[in-house]
Amino acid sequence: MSSWDSLYEQCLKCNKCALAEGRTNLVFGVGNRASEILFIGEGPGEQEDLQGEPFVGRAGKLLDSMLEMINLDRAKVYIANIVKCRPPHNRDPYPEEQDTCIEWLNEQRRLINPKIIVCLGRISAMRFIKPDFKITREHGLWFKNENADIMALYHPAALLRDPGKRPETFEDLKRLQEKIKEVCTNI
Ligand code: URA
């Protein structure tokens with residue numbers, strides 16, 4: 001059994017936190033497991049829970065359009081969330097739920113070994129960039145996380161709520177495109 005298969009099997013059985021009780025499907029992650037780019041969101045919403053895939057609802061459709069703007073698609077990158085089971089009523093995952101579930105994501109990150117990590121939204125950036133990350137001031141800026149270059153974009157759901165943030169996000173996407181040219185060899 002490959003490391004990926006065994007990780008997936010373990011996740012399927014996971015009931016380490018209360019979110020497991022409410023899940024229809026585990027939302028493990030999707031995309032190219034050998035990608036140089038990893039996108040990290042927060043947690044599954046309703047559609048993700050029903051379909052077992054991250055970012056397939058309205059926010060996901062917007063994410064797809066954002067990727068398209070810089071000639072990426074979800075098959076070329078890997079997309080996962082901090083928590084793999086849907087929090088009830090789409091609330092933010094509690095810190096203790098994040099602490100428990102992030103172990104699985106860290107394992108995925110170790111297997112992928114991405115050159116670039118893109119945090120989708122504040123919760124992800126607070127986990128992977130710094131605890132006091134301020135999305136309004138620090139989106140689009142590059143940081144280092146271990147051996148990866150890392151930046152945060154506004155969460156696509158925030159862009160649906162506030163389309164006024166989209167021009168800034170377009171600039172951030174262009175910065176991402178530049179970084180890809182600089183550090184990636186097979187995107
Ligand atoms: N929001 C997220 O953070 N992740 C998803 O998979 C869907 C919506």
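**Spaces, a helix and a few residues**

Me: How many residues of the lining of the largest cavity are nonpolar, how many polar and how many charged?
Reply: This is a predicted model, where local features need pLDDT of at least 70, side-chain atom pairs count only at pLDDT 80 or more, and totals for chains, interfaces and linings use all residues. Residues are numbered from 1 along each chain as its sequence is written, and side-chain values use heavy atoms, without hydrogens and water. Classes: Ala, Val, Leu, Ile, Met, Phe, Trp, Tyr, Cys and Pro are nonpolar, Asp, Glu, Lys and Arg charged, the others, Gly among them, polar. The lining of the largest cavity then divides into 10 nonpolar, one polar and three charged residues.

Me: Which residues lie nearest the centre of the largest cavity?
Reply: A cavity is a set of points on a 1 Å grid over the protein atoms alone where a 1.4 Å probe fits but cannot get out; lining residues have an atom within 4 Å of a point. The structure holds one cavity of 30 Å³ or more, and the volume of the largest is about 120 Å³. Helix α4 (residues 95–112) gives the most to its lining, with three residues. Of the 14 lining residues, those nearest the centre are Cys-14, Cys-17, Cys-85, Cys-101 and Trp-104.

Me: Now the open space: which element gives the largest share of the lining of the largest pocket?
Reply: A pocket is an open set of points with protein on both sides within 12 Å along at least five of seven lines, and the largest pocket has a volume of about 630 Å³. It is lined by 28 residues, and Glu-42, Ala-59, His-155, Ala-157 and Arg-161 are the closest to its centre. Elements giving two or more residues are α2 (46–51), α3 (58–69), α5 (122–128) and α7 (156–161). The largest share, four residues, comes from α7.

Me: Why do the buried residues of α8 line one face of the helix?
Reply: Helix α8 (residues 166–183) has 18 residues and reaches 25 Å from its first C-alpha to its last. Its buried residues (under 20% relative accessible area; exposed is over 50%, partly exposed in between; 1.4 Å probe, protein chains only) are Thr-169, Asp-172, Leu-173, Leu-176, Lys-179 and Ile-180. They line one face because, seen down the axis of α8, they fall within an arc of 115 degrees.

Me: What covers the buried residues of α8, and which residues are exposed on its other side?
Reply: The cover includes β2 (37–41), α3, β4 (116–120), β6 (148–153) and α7. On the other side of α8, the exposed residues are Pro-167, Lys-181 and Glu-182.

Me: Is Leu-62 buried or exposed?
Reply: Leu-62 sits in helix α3. Leaving aside neighbours within four places in sequence, Leu-62 is in contact (heavy atoms within 4.5 Å) with Pro-156, Leu-159, Leu-160 and Arg-166. Its relative accessibility is 13%, so Leu-62 counts as buried.

Me: What is the phi of Phe-55?
Reply: Phe-55 lies in the loop between α2 and α3. At 6% relative accessibility, Phe-55 counts as buried. Although Phe-55 is not a glycine, its phi is positive, at about 50 degrees.

Technical notes
Points joined across faces, edges and corners; volume = space filled by probe spheres on them. Expected span 1.5 Å × (residues − 1). Arc of directions from axis to C-beta.
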